[in-house]
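Colleague: I have a model open and some terms to sort out. Can we go through them one by one?

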Amino acid sequence: MKVTETLNEGLKRGYTIDIAASELDEKVNEKLLEAQPDVEMKGFRKGKVPMALLKKQFGDRVMGEALQETIDGAMSKHFEESGDRPAMQPEMKMDGEDWKPGDDVKVNVSYETLPEIPEVDMKKIKLERMVVKAEKKDVDEALSNLAETAQNFEDRKKGSKAKDGDQVVIDFLGKVDGEAFDGGAAEDYPLVLGSNSFIPGFEEQLVGAKAGEDVEVKVDFPAEYQAENLAGKAAVFECKVKAVKEPKAAELNDELAKQFGAEDLKSLTAQVEERLEAEYTGASRAVMKRKLLDELDKLVKFDLPPSLVDAEAGQIAHQLWHEDNPEVQGHDHPEIETTDEHKTLAERRVRLGLLLAELGQKNEIEVTDAEMTQAIMNQARQYRGQEREFFEFVQKNPQMQQQMRAPIFEDKVVDFVFELAEIKDKTVKKAALEKAVEALDDDAA
């Protein structure tokens, strides 16, 4: 076997692998001899099938395996000796369409190698960390929001009309074509107007109703309604309004605090303050991470594999197109062309991705099994009742695992760089942090 270089231009590499027919034939014989003791065939005892017959019966299939193993072995040895790391799967093509067993084999191999990543002195990087303390007004606002979620409803003044946001207590009976239907009746039902908990058009017709009134609500069931016998049907609900209640936020006291698992209002206030500052810390880290990536992008320049840039630019263009066309869920759409803007952003992402990957590898940064398990469990919570199925899906899907591992790995590398960089804390108001976070969305990286 002979490996010959045919292209060495920038990051592009090309080779031919010449494999003699005798070498392949020898490998085929070795594989057949290895399998011979276990082969059974009519007319022969187990392990006694002649080699000539084995070769006639299984030769072509074994030849394919032998050829693939020989090429894979040659490439593994080549990468080990050359130090090349292919950016994507190498392209391989057999030379000559009329090849047949007994002929020599020539395989053309081409790929782009990953570039050498220059060293970066992380200690020279200077960053600023925005520090925000939770102010009393922010804590009070958060507590008020909690009180609203625990709101109660109190009877409005007699004769008051129901408003959007009010709760009406009703008895109702629904009919389709004059006949009552299953599930269409209830007594003393507390319905919050504007909650959209009933079918479209129902709640709006109760706005303005008074306690003691009878209201006839006319609606159409949606065409995609889950009960097929009602889907698309016109219905009439006979409603008796028994009470009209206005929302009242719960009082900020120890009783409210206990509803949220705290011992008293003082403890709940401390928890809210801690939660707010944790949110500020997370937002501040995101801002500092962007500044770090900006600094690295300025400091490090190296050639990029065109195939990686093109693939990333295509993904960016595809993602942005779907954001602009949210009504298109699948991929049945016109071909999406990449622009110079997509390519510029792709170059940045690829450059920073390769740099962070190199830093992680050199400093032996890894995502642990425990971290992966926690990430899977966190995402599984989005699929209530199907957590186990999601967990098993990820376990069997290497691509999904990689998608989940990548951001964890990146954050661990970023944290590693933060430890080396020079970071100064700067206390700012919440508004300044919010403005910095908004800027991240305006210039996504």
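Modeller: Start where two helices touch. R290, L293, D294, L296 and D297 in α5 meet R348, R351, L352, L355 and L356 in α7. Keep in mind that this is a predicted model.

Colleague: What makes the span of α7 agree with its number of residues?

Modeller: α7 has 23 residues. At 1.5 Å a residue, α7 should span 33 Å. The end C-alpha atoms of α7 are 33 Å apart, so the two agree.

Colleague: How do you know that the span of α6 agrees too?

Modeller: The reasoning runs along similar lines. The 19 residues of α6 should span 27 Å at 1.5 Å a residue. The end C-alpha atoms of α6 are 27 Å apart, which agrees.

Colleague: Which elements do the buried residues of α7 pack against?

Modeller: They pack against α5, α6 and α10. Among the buried residues of α7 are A346, L352, L355 and L359. The buried residues of α6 pack against β4 (105-112) and α7. L308, V309 and I316 are among those buried in α6.

Colleague: What is the largest nonpolar core made of?

Modeller: That core has 30 residues, and L292 and L296 have the most contacts inside it. The elements that give two or more residues to this core are α5 (265-299), α6 (306-324), α7 (340-362) and α10 (398-420). The largest share, 7 residues, comes from α7. Leaving out residues up to four places away in sequence, L292 touches I125, L127, V414, V417 and F418. A second, separate core has 23 residues, including V176 and V241. In general, nonpolar side chains tend to be buried together in soluble globular proteins.

Colleague: Why is D84 called buried?

Modeller: The relative accessibility of D84 is 13%. Buried means under 20%. So D84 counts as buried. D84 lies in the loop between α2 (51-82) and β3 (91-94).

Colleague: What does the side chain of D84 make a polar contact with?

Modeller: With the side chain of Y111, at 2.7 Å. A polar contact needs N or O atoms within 3.5 Å, and this pair meets that cut-off. D84 is also in contact with R13, Y15, H78, F79 and T113.

Colleague: Is D310 buried, exposed or partly exposed, and why?

Modeller: D310 has a relative accessible area of 48%. Buried is under 20% and exposed is over 50%, with partly exposed in between. So D310 is partly exposed. D310 sits in helix α6. D310 and A346 are 36 residues apart in sequence and 7.7 Å apart in space, C-alpha to C-alpha.

Colleague: What makes E364 exposed?

Modeller: E364 has a relative accessible area of 69%. Exposed means over 50%, so E364 passes. E364 lies in the loop between α7 and α8 (369-380).

Colleague: What is phi of E364 near?

Modeller: Near 55°, a positive value in a residue other than glycine. Most residues other than glycine have a negative phi. D177 also has a phi near 55°. D177 is found in the loop between β7 (167-176) and β8 (179-192). At 71% relative accessibility, D177 counts as exposed.

Terms used. Residues numbered from 1 in each chain as written. Predicted model: local features only at pLDDT ≥ 70, side-chain atom pairs only at ≥ 80, totals over all residues. Heavy atoms only, no water. Core = buried A, V, L, I, M, F, W, Y, C linked by side-chain atoms within 4.5 Å. Buried < 20%, exposed > 50% of the residue type's maximum accessible area, 1.4 Å probe, protein only. Helix = DSSP H or I, 4+ residues; strand = E, 2+ residues; numbered from the N terminus. Contact = heavy atoms within 4.5 Å. Expected span 1.5 Å × (residues − 1). Polar contact = N/O pair within 3.5 Å; in protein donor to acceptor, adjacent residues only side chain to side chain.
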